[in-house]
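Look at the model first, then read the points below.

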Amino acid sequence: MQPELKIIGGGLAGCEAAWQAAERNIHVQLFEMRPEKMTGAHQSAWLGELVCSNSLGSKLRENGSGLLFHEMKDLNSVICRVAEQSAVPAGSALAVDRHVFAETLTDLIATHPNIEIIREEITQIPNTPAIIASGPLTSPALATSLAAFHGKENLFFYDAIAPIITADSIDMTIAVRGSRYGKGEDNAGDYINCPMDQATYTHFVEQLATAEQIHLKSFEHEIENGVNAGPAKFFEGCLPIEIMARRDAATLAYGPLRPVGLRKLFKGDAPFAIVQLRQDDLTHHAYNMVGFQTNLTYPEQKRVFRLIPGLEQAKFIRYGQMHRNTFLCAPSLVNQTLQTKKAAWLFFAGQIIGVEGYLGNAASGLIAGINASRQLKGDSLLAFPRECMTGALCSYIANADCETFQPMKANLGLLPPLQFRIRDKQERKAALANRALRAFRNYATMNNAYH
Ligand SMILES: Cc1cc2nc3c(=O)[nH]c(=O)nc-3n(C[C@H](O)[C@H](O)[C@H](O)COP(=O)(O)OP(=O)(O)OC[C@H]3O[C@@H](n4cnc5c(N)ncnc54)[C@H](O)[C@@H]3O)c2cc1C
């Protein structure tokens with residue numbers, strides 16, 4: 001009889017896990033609660049819906065997510081395949097048309113002969129072979145069951161998403177197309193850049209820092225003083241832009257509004273700061289405000305963001321918002337194979353165990369899917385070496401200090417240092433990437449990971 005695997009959650013991690021298991025001749029039941037029960041952020045019934053940014057990170061292998069992308073492609077990743085098919089121009093980043101991405105992915109998963117999609121909320125951890133990949137917006141009933149299983153309280157914090165505006169509302173007599181350091185696919189440049197002189201920047205930051213926020217009831221105080229992301233105060237990767245503005249007047253000019261690699265796009269005086277907008281769909285209709293995750297009220301977003309030169313008439317397709325993000329303390333829950341320490345039949349993947357970033361989440365699904373399949377077949381489980389990005393990420397999830405555990409995205413800092421010194425930063429990154437891909441492929445070949 002064909003072995004069976006239940007996967008809870010049809011997001012990036014769950015779809016990748018389902019694909020990997022199905023390709024290994026496991027019969028997969030993929031449970032997705034949407035559209036019967038929606039989350040606070042998803043808007044459709046599509047599997048693999050990208051809820052915020054349409055960028056899956058860098059394509060360059062000398063970068064954490066780019067390296068992960070190359071490793072995952074080697075193992076027949078469905079997320080990578082679909083991302084390439086639905087890519088939009090975004091310089092060295094892998095950005096996709098979110099609708100094409102989700103539709104194509106749903107189609108591939110739904111038509112796989114070994115996958116059965118079941119539209120149902122799961123409220124209890126299954127007691128047969130399973131992968132939990134229910135994401136940052138895990139339904140409350142399942143979260144309660146997870147907390148009981150893990151024996152510890154779920155950790156939770158708030159995260160923020162950036163606004164999207166229409167392309168035709170951007171004043172292109174002020175804004176200029178171009179990519180940082182000229183690295184782009186489109187000759188005219190993949191981003192739209194809005195320049196600010198120092199006086200405009202100062203006024204903008206003052207208005208941003210004092211603008212009205214949405215009242216978040218009991219959690220408002222936590223957001224002001226640090227959100228509950230474990231013992232650390234803020235999760236820095238997705239900080240609301242108004243909180244950055246309040247920290248110091250210069251923070252944004254060194255952060256998301258930094259003009260480096262873009263100044264030459266503008267004639268005359270070099271801009272003091274630059275706001276970047278990234279294409280969000282294949283029709284060039286929608287642009288995402290890069291780094292503008294926010295919790296301002298909608299009228300305040302309109303007022304303050306329209307102070308940006310070129311965006312005076314901006315039309316908002318979607319305003320920025322805050323949302324809940326639930327994750328478990330993974331190091332005490334799973335080992336590097338993403339199998340739980342308590343139950344051999346149970347695996348976890350995705351943001352629910354503190355993986356951060358679209359590709360990282362898909363990569364954890366890939367490992368959980370392969371390992372759950374191997375467990376079902378009686379094969380040894382795979383723990384990729386720390387020298388490659390897949391191994392480094394899983395190793396962090398399994399071995400980080402629980403007291404300081406924070407969600408983590410793929411980055412070169414997770415890799416062990418080289419055994420020899422290379423002064424040049426780019427050459428050092430290239431050497432790390434070469435070593436990673438060698439280690440990945442050697443391990444995959446030696447351990448028959450491809451089947
Ligand atoms: C509002 C918001 C904005 C974000 N912005 C970004 C961003 O810009 N860039 C980025 O890299 N990451 C972002 N993230 C994080 C993002 O969620 C992850 O990178 C990625 O989507 C996580 O993949 P996942 O598969 O773990 O979870 P998801 O993609 O969320 O998939 C989990 C799935 O499980 C389903 N589900 C939940 N509970 C149940 C249940 N009990 N039974 C059945 N199904 C269930 C959900 O409906 C969902 O489809 C954001 C998250 C949120 C919530």
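Two strands count as paired if DSSP finds at least two bridges between them. On that basis, Val88 has Ala95 in β5 as its bridge partner. The model is predicted.

**Ligand shell**

- The ligand has 36 residues around it, and Gly9, Gly11, Cys52, Gly135 and Gly350 come nearest.
- By class, the shell holds 16 nonpolar, 16 polar and four charged residues.
- At least two shell residues come from each of α1 (12-23), β2 (27-32), β8 (155-161) and α11 (358-377).
- Helix α1 gives the largest share, three residues.

**Strands β1 and β2**

- Strand β1 spans residues 4-8 and is mostly covered, with four of its five residues buried.
- Five bridges pair β1 with β2 in the parallel sense.
- Opposite Ile7 stands Leu30 in β2.

**Three-strand sheet**

- Strands pair through backbone hydrogen bonds, either parallel or antiparallel.
- An open sheet has the order β3-β5-β4, with antiparallel pairing.
- Its edge strands, β3 (55-58) and β4 (87-88), each pair on one side only.
- Helix α2 (residues 64-74) packs on this sheet and touches β3 and β5. The direction of α2 makes about 100° with that of β3.
- Two bridges join β3 to β5 (residues 93-96), and these strands run antiparallel.
- Ser58 has Ala93 in β5 as its bridge partner.
- Two bridges also join β4 to β5, again antiparallel.
- Four residues lie between the strands in the hairpin of β4 and β5. In that hairpin, Gly91 takes a positive phi near 60°.
- Both faces of β5 are covered. Ala93 and Ala95 are buried on one side, and Leu94 and Val96 are buried on the other.

**Six-strand sheet**

- Another open sheet has six strands in the order β10-β11-β12-β13-β9-β14, paired antiparallel.
- The edge strands are β10 (176-177) and β14, and each pairs on one side only.
- Strand β9 (residues 164-166) and β14 run antiparallel and are joined by two bridges.
- Ile164 stands opposite Arg318 in β14.

**Helix α10**

- Which residues of α10 (residues 298-305) are buried? They are Glu300, Gln301, Val304 and Phe305.
- Seen down the axis of α10, these buried residues fall within an arc of 110°, so they line one face of the helix.
- An α-helix has 3.6 residues a turn, so residues three or four places apart point the same way.
- The cover over the buried residues of α10 includes α6 (198-210), β13 (286-289) and β14 (316-318).

**Lys37: a loop residue**

- Lys37 is found in the loop between β2 and β3.
- Is Lys37 buried or exposed? Lys37 has 12 C-beta neighbours inside 10 Å, so Lys37 counts as exposed.
- Leaving aside neighbours within four places in sequence, Lys37 is in contact with Glu121 and Ser139.
- The C-alpha atoms of Lys37 and Gly9 are separated by 12 Å, while the two residues are 28 residues apart along the chain.
- Gly9 is one of the residues that come nearest to the ligand.

**Cys15: a helix residue**

- Cys15 has its place in helix α1.
- Is Cys15 buried or exposed? The cut-off for a buried residue is 20 or more other C-beta atoms within 10 Å. Cys15 has 30 within that distance, so Cys15 is buried.
- Setting aside neighbours within four places in sequence, Cys15 is in contact with Gly10, Leu47, Gly48, Val78, Ile79, Leu105, Ile109 and Gly365.
- Cys15 and Gly360 are 345 residues apart along the chain, and their C-alpha atoms are separated by 13 Å.

Methods. Residues are numbered from 1 along each chain as its sequence is written. This is a predicted model: local features need pLDDT of at least 70, side-chain atom pairs count only at pLDDT 80 or more; totals for chains, interfaces and linings use all residues. A residue is near a molecule or strand if its C-beta atom, placed from the backbone, lies within 6 Å of it. Ala, Val, Leu, Ile, Met, Phe, Trp, Tyr, Cys and Pro count as nonpolar, Asp, Glu, Lys and Arg as charged, and the others, Gly among them, as polar. Two residues are in contact if their C-beta atoms, placed from the backbone, lie within 7 Å. Axes are lines fitted to C-alpha atoms, for helices over the stretch in contact, and angles run from 0 to 180 degrees between N-to-C directions. The arc is that of the directions from the helix axis to the C-beta atoms.
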